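I opened this entry to look up a few local features.

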Amino acid sequence: MKILVVGGGGREHATVKSLAGEGRELFCAPGNAGIANLAKCVDIKTNDIDGIVKFATAEKIDLAVVSQDEPLVLGMVDALKAAGIRAFGPDKKAAIIEGSKAFSKELMKKYSIPTAAYETFTDSAAAVEYIKSQNKYPTVIKASGLALGKGVVIAQNFDEAAQAVKEMMDGGKFGDSGKTVVIEEFLTGPEVSVLAFTDGNCVKPLISSKDHKRAHDNDEGLNTGGMGVIAPNPYYTPEIEKEAYEKIFIPTINAMKAEGRTFKGVLYFGLMITKDGPKVIEYNCRLGDPEAQVCLSLLKTDLLTVMNAVIDEKLADIEVENEDGAAIVVMMCSGGYPESYEKGKEIYGLDESGQNPDFEYIFHSGTAKKDGKYYSNGGRVLGLVEKGKDIKECQDKVYSKIDSISFDGSFYRHDIGGMR
């Protein structure tokens, strides 16, 4: 069986590893140096729909897994299906749930799905006037479109909020993605990430997780794509899980179907556990990154079996089982991330296969290989994974040996999962 995974980061490395098996030939476009040890990497950009379809057709790919937000929002799954290629991921009409925060907020309002109070703006002066009239801080400013996980500003005062609006809407900081902004009330409480498979009829979540977005210890510094994750999330109790399932997960799937946008794939629920119960902060139309690295590491059920069940709308017929215990991933990043950073720094501590036998596994997010050596090739470079009976054991394992891997200027958070 020939399987193509579209993407080139840690999420795709985790996906490829989970799909690997006897009788399966794996391809990844464009992939990275770590993925190249499990799959044949193909130099095609993730947003090159024609290129991906042409390759999949010529190579007679049996299953294409589209795992990044941009190609999903652009309609890559639609194009693959039109060419007769079996594809996993939501179509363009359903991917709008991530592609437009304005759409997703309006969906939640219409179908009474718990979320933060908000207003949407296409005029910066009106947005600034609204912020002034509300006079509540912190307040949350979001670019409506895709922004590589960086289009959210939590403003502590009026000046910060007005600056964020002007940079997004007038300054073009996120291009077209920032021409419409959503201004939300600031919710407080523990955050939870839930990645859930759905075939449009039922929902089968993976294990819950907790992401750490800020660049530095004690949740300081700029927002990033994610500096590390733990699973399961200690705040996601059975009672909260039941409430989220009944008031958020199922209503969301039903709402999308009612809108003629049936969602089939992985739906990411970013939740905040408030004093009034769980509320939606955001939806993503694919596996989270780096959440996928811990959640797939703890998945017992064969990922290919789950994906086929989603495509065939037979998800209710299978069990999605997770291992007992816990997992952690700590991201090793390039100095300067999430702003400017240098690439091409030699990575020390990896063997020929891009691994280190002292670790459970190392997922590559941004790496390249030349003359048998691995080099940094992104802001987030490596995801160091450990598993254990609980979060404390996972922390002890990963942090006791993390300094055996390094590159010039590398940094990581020392408190993923909380202070030890």
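**Entry 1: the sheet**

I looked up an open sheet of 4 strands and found the order S11-S10-S16-S17, with antiparallel pairing. Strand S11 (203–205) and strand S17 (277–284) stand at the edges; each has a single partner strand, so one side of each is left without a neighbour in the sheet. The twist averages 35 degrees from one strand to the next. Helix H9 (residues 238–258) packs on this sheet and touches S10, S11, strand S16 (265–274) and S17. The direction of H9 makes about 130 degrees with that of S16.

I then checked one pairing. Strand S10 (residues 191–198) pairs with S11 in the antiparallel sense over 3 bridges. Thr198 has Val203 of S11 as its bridge partner.

Conventions, noted once. This is a predicted model, in which local features need pLDDT of at least 70 and side-chain atom pairs count only at pLDDT 80 or more, while totals for chains, interfaces and linings use all residues. Residues are numbered from 1 along each chain as its sequence is written, and side-chain values use heavy atoms, with hydrogens and water left out. Helices (H or I, at least four residues) and strands (E, at least two) are DSSP runs numbered from the N terminus. Strands pair if DSSP finds at least two bridges between them. Contact means heavy atoms within 4.5 Å. Axes are lines fitted to C-alpha atoms, for helices over the stretch in contact, and angles run from 0 to 180 degrees between N-to-C directions.

**Entry 2: two helix pairs**

Two packed helices are described by the angle and the distance between their axes.

I took H1 and H11 to begin with. The axes of helix H1 (residues 10–19) and helix H11 (residues 303–311) come within 8 Å and cross at roughly 100 degrees. H1 and H11 are therefore roughly perpendicular (65 to 115 degrees; under 35 is roughly parallel, over 145 roughly antiparallel, the rest oblique). Thr15, Ser18 and Leu19 of H1 meet Leu303, Leu304 and Met307 of H11. The residues of this contact divide into 4 nonpolar, 2 polar and no charged. Ala, Val, Leu, Ile, Met, Phe, Trp, Tyr, Cys and Pro count as nonpolar, Asp, Glu, Lys and Arg as charged, and the others, Gly among them, as polar.

Next I took H5 and H6. The axes of helix H5 (residues 92–99) and helix H6 (residues 101–110) come within 6 Å and cross at roughly 95 degrees. That makes H5 roughly perpendicular to H6. H5 brings Ile96, Ile97, Glu98 and Gly99 to the contact, and H6 brings Lys101, Phe103, Ser104 and Leu107. By class, I noted 4 nonpolar, 2 polar and 2 charged residues.

**Entry 3: the cavity**

How many cavities of 30 Å³ or more does the structure hold? I found 1. A cavity is a set of points on a 1 Å grid over the protein atoms alone where a 1.4 Å probe fits but cannot get out, and lining residues have an atom within 4 Å of a point. Points are joined across faces, edges and corners, and a volume is the space filled by probe spheres set on them. The largest cavity has about 70 Å³ of space. Its lining has 13 residues, and Val66, Ser67, Phe88, Val266 and Leu287 lie nearest its centre. Strand S4 (63–66) and S16 each give two or more residues to that lining. The lining divides into 8 nonpolar, 4 polar and 1 charged.

**Entry 4: backbone**

A cis peptide bond joins Ala29 and Pro30, with omega about -5 degrees. Pro30 lies in strand S2 (residues 25–30). Ser112 has phi near 55 degrees, a positive value in a residue other than glycine.

Notes. On a 1 Å grid over the protein atoms alone, a cavity is a set of points where a 1.4 Å probe fits but cannot get out, and a pocket is an open set with protein on both sides within 12 Å along at least five of seven lines; lining residues have an atom within 4 Å of a point.
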